[in-house]
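Biologist: I am new to this one. Please take me through the terms as we go.

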Amino acid sequence: MATPKPQELFASINHRPPKKDWMDVPVEIKPGRYCYAANPKSLEAVGMPHARQWNPLDDDWKLPENWKEIIIQGIRERLEKFRSFKVFMDICVRCGACADKCHYFIGSGDPKNMPVLRAELLRSIYRGEFTKAGKILGRFAGARKLTPEVIKEWWYYFFQCSECRRCSVFCPYGIDTAEITILGRELLNLLGLNIDWIATPVANCYRTGNHLGIQPHAFKDMIDFFCDDIEEITGIRPEPSFNKKGADILFITPSGDVFADPGTYTCMGYLMLFHYLKEEYGLEVTWSTYASEGGNFGFFTSHEMMKRLNAKMYLEAKRLGVKWILGGECGHMWRVIHQYMATMQQDMVGDLDFLEEPVSPITGTKFENAKATKMVHIVEFTADLIKHGKLKLDKSRNDNLIMTFHDSCNPSRGMGFHEEPRYIIKNTCNHFYDMPENTIREQTFCCGGGAGLNAGENEELRMMGGLPRANAVKYVHEKYGVNMLGCICAIDRAVLPNSMNYWVPGVQVTGLHELVGNALVLPGEQERETNLRGEPLPGKEDI
Amino acid sequence: MKAIYSLFLVFALVLVALLGAGAGGMHYLFGVIIPYVAVVLFVVGFVLRVIRWGKSPVPFRIPTTCGQEFSLPWIKQNKIDNPSTTWGVILRMFFEVVLFRSLFRNTKVELHDGPKLAYASNKWLWLFALLFHYSFLTIFLRHMRFFTEPVPGFFQMLDSIDGMLQIGAPTLYLTDVVIVVAVTYLFMRRVVNPQVRYVSLPADYFPLFLILGIVLSGIFMRYFIKTDIVAVKELTMGLVTFNPKVPEGVGTIFYIHVFLVSVLLIYFPLSKLMHMGGVFLSPTRNLANNSRMKTHVNPWNYPVKIHTYEAYEDEFRERMVEAGLPVEKPLEQPVENKE
Ligand code: SF4
Ligand code: SF4
């Protein structure tokens, strides 16, 4: 199914819900808005239950015999394990403050994409099965029966939530629909109902260390290839090390940066920075082929899967004997590192004393905020270097860029990472304009493809979900001529170029270390003619 | 439809009191037994619910951060919306509970041709929710003069502030007016705003009507159908001193009022009204954002199956060696000889 034209899509948005009660509106699975069912092989590879071939458009989803017990038992266990789940099931007052905050609702008008209703899909079952009032009063108390229809509805709508948490910011009780979606997806996974764009990356991450299934030699090849490009542009060839024992720092980035444009340019930026730091200050950074993915698709599957995939980061740091870990520009990777990693990994690696409390060996800055996890964000690391004047930068090389910045959901609402990226942009570029207040920082909009929803087959959904972000970019594009959207997330770098193309042609997407790579003056480099994309530098156009 | 059900339900409740206490004359039941039962159910229910929540652990620190985190020394932290210390959390919760800070951010989205989206500030819900809760609180505290003897100065003061306008013979309380307006707004919003109407359940209309019923019966009793205040106080003081008696001269309207309050108390712990307790327990708001600084323990953490480096190297060793990547265990046969 072809995605409609932007004007058509926009004109089709209607925020008025239908007359009928939502419980009476059966789920209608629309092509373009869902991702294909998980490949059974991928589920089997990681030992997920009930792997089978099924099609969301079929009537029969081939649910396991005892599916109902599995779900009820699954809910019960999770209520006991997560206070958030219990409290969020009980206290929503349906004030609707969250209703029009979800980018998928804004862009699709589908009322079941209102966060409150998305959560009600699960809450209504909770009431029916776990509360007295619901059991006795049924629908009057907002309860309904658990049927295969409900499971389909869950699957459809929990995979139309990018777990971005924007709704949570506006809720008077901080009810986080992302948290409910996360648990809802866990329940679906108990029935083998994942989507393939999550299940296959999970299986790949598990086996090869990264979601694309890049094997160690190929991983090295790809990075070598970037070094060729850098050499061509700057005359300097970085010599990155891999799996090197005794290096100072282990660097882990989302493998999207190694694989797809424009992430690859960001990756070149990392390489140049590390080369610079080695030459100037003797800092040894190593890459790992085993821990070759920062992004954690387990997060979109279950807490357990997240933990299984995350383990490699600390295990690798321990094996290599590095001082601490540096993490690349990624969204949900950082949410996992920030909110879950240390807590989860205790029984895998014990306490983290095999690492040192992170200190920048170059500036002496102690990263107090990373004292426990021992993992520093490369953006805060670089911002600190710039602040201390440790990098030689030539901003004018980015003069062709009129920048704005997309706060990626996870770092902004899961960490509070707002100033560091802006600081880097302002120190590597001369032109920077923020988007309107309601669309940035903690109120930022999702790119539209987070939480594993960046498949090809759900393009319509991604364009709908990407509308609010794109629209804010359009505003600064028209007002200030913004032509480049910076971001610190690999999924953004994969999703936003399409949605920019669709809604705001003329705006491209970049990671921040691409900007750093362009501006960085490497010791002994030749006069640069082009930027990392091979485009002529400002002032060099006619040569 | 759902609203009408709920309205009907509240009428039915009024009728019960009207028939029971009014026509049936069951004053002791409605004036003493039901209120006692209601208070007990409220307290026990409330406490049990909070304990039930509290029994589930908070395995992960998942605060929603709404501002700059604690970071490099030259970056200014938003200490309230992104607290890194307990004090910060206390402040955050204070603003949340006392001023409804999150609701204050509310916006509404507008679609314009262009195509264009715009976000307009939308503070009405915040305003009326705040008015509603504060007038409810004031009214509740004002009522303490029925349950104390002598009445502490604070309650007296509250009473006179609330009655500042001094309109009419029994002074008009500001909060009486405000709460009626606020409840009406909250109800109208549910009916008029299509999105909110769509998500509303009978359980959302019912407490609004119930509270409106309580307020209106209270207002009636005070301004229109006079009831003997001295007798009422005798009754209420009897209740708090566990020496219950039912004096003569307490009008039926009083029993209706008390019955509706009792129903509210009983309904409270079973319903969404528990947001009053839950707001304090919400893990996205009541935790410090310091999980990279401090390690927190998940009580049900358990080991999981992982793909170890050893297994990884076993699978890829040959190709790693070929590519010049270091390995832990050398190949059994050198690569060249294998060919
Ligand atoms: S804002 Fe919170 S309380 Fe209001 S409807 Fe949404 S989740 Fe429920
Ligand atoms: S978490 Fe994001 S995607 Fe999910 S319901 Fe909330 S706003 Fe929508």
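Modeller: H14(A) and helix H17 (residues 378-387) of chain A pack at an angle of about 45°, with their axes 13 Å apart. Axes are lines fitted to C-alpha atoms, for helices over the stretch in contact, and angles run from 0 to 180 degrees between N-to-C directions. Helices (H or I, at least four residues) and strands (E, at least two) are DSSP runs, numbered from the N terminus.

Biologist: Why is H14(A) called oblique to H17(A)?

Modeller: Angles under 35 degrees count as roughly parallel, over 145 as roughly antiparallel, 65 to 115 as roughly perpendicular and the rest as oblique. The angle here is about 45°, so H14(A) is oblique to H17(A). The crossing is left-handed (the near helix is turned anticlockwise from the far one by less than a right angle; clockwise would be right-handed).

Biologist: What kind of model is this, and how are residues and chains labelled?

Modeller: This is a predicted model: local features need pLDDT of at least 70, side-chain atom pairs count only at pLDDT 80 or more, and totals for chains, interfaces and linings use all residues. Residues are numbered from 1 along each chain as its sequence is written, chains are lettered from A and ligands numbered from 1 in the order in which they are written, and side-chain values use heavy atoms, with hydrogens and water left out.

Biologist: What makes H6(A) roughly antiparallel to H8(A)?

Modeller: Helix H6 (residues 115-130) and helix H8 (residues 148-158) of chain A pack at about 150°, with axes 10 Å apart. That angle makes H6(A) roughly antiparallel to H8(A). Their crossing is left-handed.

Biologist: Which residues come nearest to ligand 2?

Modeller: Of the 13 residues around ligand 2, they are Cys102(A), Cys161(A), Cys164(A), Arg165(A) and Cys167(A). A residue is near if one of its heavy atoms lies within 4 Å. Helix H5 (103-108), H6 and helix H10 (177-190) of chain A each supply at least two residues of this shell.

Biologist: What makes a peptide bond stand out?

Modeller: Most peptide bonds are trans. The bond from Asp261(A) to Pro262(A) is cis, with omega near 0°. Pro262(A) is in the loop between helix H13 (256-259) and helix H14 (263-281) of chain A. Gly114(B) and Pro115(B) are also joined by a cis bond, with omega about -20°.
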